[in-house]
There are 4 protein chains.
Amino acid sequence: MCVMPRHRVLIPLRWSDTDAYGHINNVLFLRLIEEARVQALADKLSPPTDGPGTALLVARSEIEHRDPLLFRVAPVSIDLWVTRIGAADIDMAFEILDPAPNGDGADVVYAQAELLLVVFDQATQRPRRITKDEHALLEGWRDEPIRWRRRRPSPR
Amino acid sequence: MCVMPRHRVLIPLRWSDTDAYGHINNVLFLRLIEEARVQALADKLSPPTDGPGTALLVARSEIEHRDPLLFRVAPVSIDLWVTRIGAADIDMAFEILDPAPNGDGADVVYAQAELLLVVFDQATQRPRRITKDEHALLEGWRDEPIRWRRRRPSPR
Amino acid sequence: MCVMPRHRVLIPLRWSDTDAYGHINNVLFLRLIEEARVQALADKLSPPTDGPGTALLVARSEIEHRDPLLFRVAPVSIDLWVTRIGAADIDMAFEILDPAPNGDGADVVYAQAELLLVVFDQATQRPRRITKDEHALLEGWRDEPIRWRRRRPSPR
Amino acid sequence: MCVMPRHRVLIPLRWSDTDAYGHINNVLFLRLIEEARVQALADKLSPPTDGPGTALLVARSEIEHRDPLLFRVAPVSIDLWVTRIGAADIDMAFEILDPAPNGDGADVVYAQAELLLVVFDQATQRPRRITKDEHALLEGWRDEPIRWRRRRPSPR
């Protein structure tokens, strides 16, 4: 019954992602998420690397860390899915994890994040509406919003 | 009447902070905030750079971008202040900005952020309680929580 | 007759390796080489990531760039080999390349480099002699020194 | 008699420049040198940050490390000077150092480097000749080539 709307990407760490505390530095988690996004969307939306095409600009990031992640040669898994589709922007959720060894047991989740991404036309330098085709694609990636573990300060 | 509980630090950009879109990359904003934190606290808490001292671990980051920031040789200003003091953790708020030229008019705010920082003892590798002296110092930096501009997805 | 003493490692680029000129930034080439070295040696010398083990410290780097490298999702190949084995240090050569599509034709070489690496004992914080076993391993990776293309300023 | 053709720039370190060994990572030295170059030339050649202007592309880098550099809040000094002026390229030398405290005694030199930089027209995407004015400027920054300390493998 359960369709699998999450998209999983394998992202290698770099030895240089480790900070003076011996952990993959917290800032690098957003970097890894950026790479996952680029890799997942590389051939979907106009790729973010050609000049005057479509860019996804990050307008908001929220990330929660659970367990420290240490460098190793094997890549980490990053799951990504869509939690809201607006007219010209989307909410996208991410989990950085090691899957449970045999597919049973619990995944080890190092961090979870939710980003607000604005679809941006590089030619006009302005946000643009999501097309029908893009909407259909993104709809196929939809899943539930992040369930935060930590206390989240209430907005003022 | 108004005391100035915000701490302002000048942080130079690097040319390499610019991404393929020509902006200071959004991930780098958390990096700049990290540098501001290290610089502001360098001689306050035990500095995060000596081995078995106190580290501030980032457990949660939330950042909202407003205007794109472009590279220039002049540093940006980063304001930082404390919005909550827990037993072993604090919430800290940040604004990355250019102050209004003559001190009047509005600052240009590129991004605002709020981080949950855990006070961590590197010798025992565990969180530790905030001391009385640290509490007094942090209390002197207290100001109001971030007033987010963008829609913030409601927690599940 | 010729055995293949070069060791080839596949290293993925990151979108963030691109600089404001649209190229993989020249500094990042040394980063990619570092990752290749870590990956190739991860299970050979004591791994560079555990605390008091052996580190390879870079004492000298020389790198020559040929063609600009642009971001793409596919990894680049990095060949590495040993060009000199000293008592406590080695010269190691690197080529960053895309192999010729069908194994014939010429590889596309983006850069070549040669590094002087000092074998360093992290416990004593001093260089240490290369062991007999390490020497045998490194001997198996030996190949000819880099043939520089560009004029190399004569040493004073 | 001796004019001072070296240009000195102050470059702050970042806490994140530290690697898992606790040193400012060797790769970051080329990054610091890049920042020094951008800062020194920002208002001289057409600045490397505006789109279709002049870029200085790095064709070759050679760097020698002497002493480990540790993070601190105070910036390091980077001296830069010109050691050769070609038709469309220059050799530029760099020293990363802490000057002797009172101007007497020896500087602490962490690394020295020499780069081959190609003057590149971003509009045509080709190297371009150095102009008369640029030549005069660069001539004023001329000093002697680097005197390497370490054995430099002889070119093949």
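Biologist: Taking a salt bridge as a side-chain nitrogen of Lys or Arg within 4 Å of a carboxyl oxygen of Asp or Glu, how many salt bridges does the rule find across the interface of chain C and chain A?

Modeller: In this predicted model, C:Arg14 and A:Asp17 form a salt bridge in which the closest N and O atoms are 2.7 Å apart. Across the interface of chain C and chain A, the number of salt bridges found is two.

Biologist: Which three residues supply 43% of the area that chain C buries against chain A?

Modeller: The interface brings 18 residues of chain C into contact with 18 residues of chain A. About 1500 Å² is buried between the two chains, with 62% of it on carbon and sulfur atoms. On the side of chain C, the 43% share, more than any other three residues supply, comes from C:Arg14, C:Trp15 and C:Glu35.

Biologist: Are helix H1 of chain C and helix H1 of chain D roughly parallel or roughly antiparallel?

Modeller: The two helices, each spanning residues 26-41, pack with their axes 9 Å apart and at an angle of about 180°. Among the residues making the contact are C:Leu30 and C:Glu34 of H1(C), together with D:Leu30 and D:Glu34 of H1(D). Because angles over 145 degrees count as such, the arrangement of H1(C) and H1(D) is roughly antiparallel.

Methods. Residues are numbered from 1 along each chain as its sequence is written. Chains are lettered from A and ligands numbered from 1 in the order in which they are written. This is a predicted model: local features need pLDDT of at least 70, side-chain atom pairs count only at pLDDT 80 or more; totals for chains, interfaces and linings use all residues. Side-chain values use heavy atoms; hydrogens and water are left out. Contact means heavy atoms within 4.5 Å. Buried area is the accessible area (1.4 Å probe) that two parts lose on being put together, summed over both. Axes are lines fitted to C-alpha atoms, for helices over the stretch in contact, and angles run from 0 to 180 degrees between N-to-C directions. Helices (H or I, at least four residues) and strands (E, at least two) are DSSP runs, numbered from the N terminus. Angles under 35 degrees count as roughly parallel, over 145 as roughly antiparallel, 65 to 115 as roughly perpendicular and the rest as oblique.
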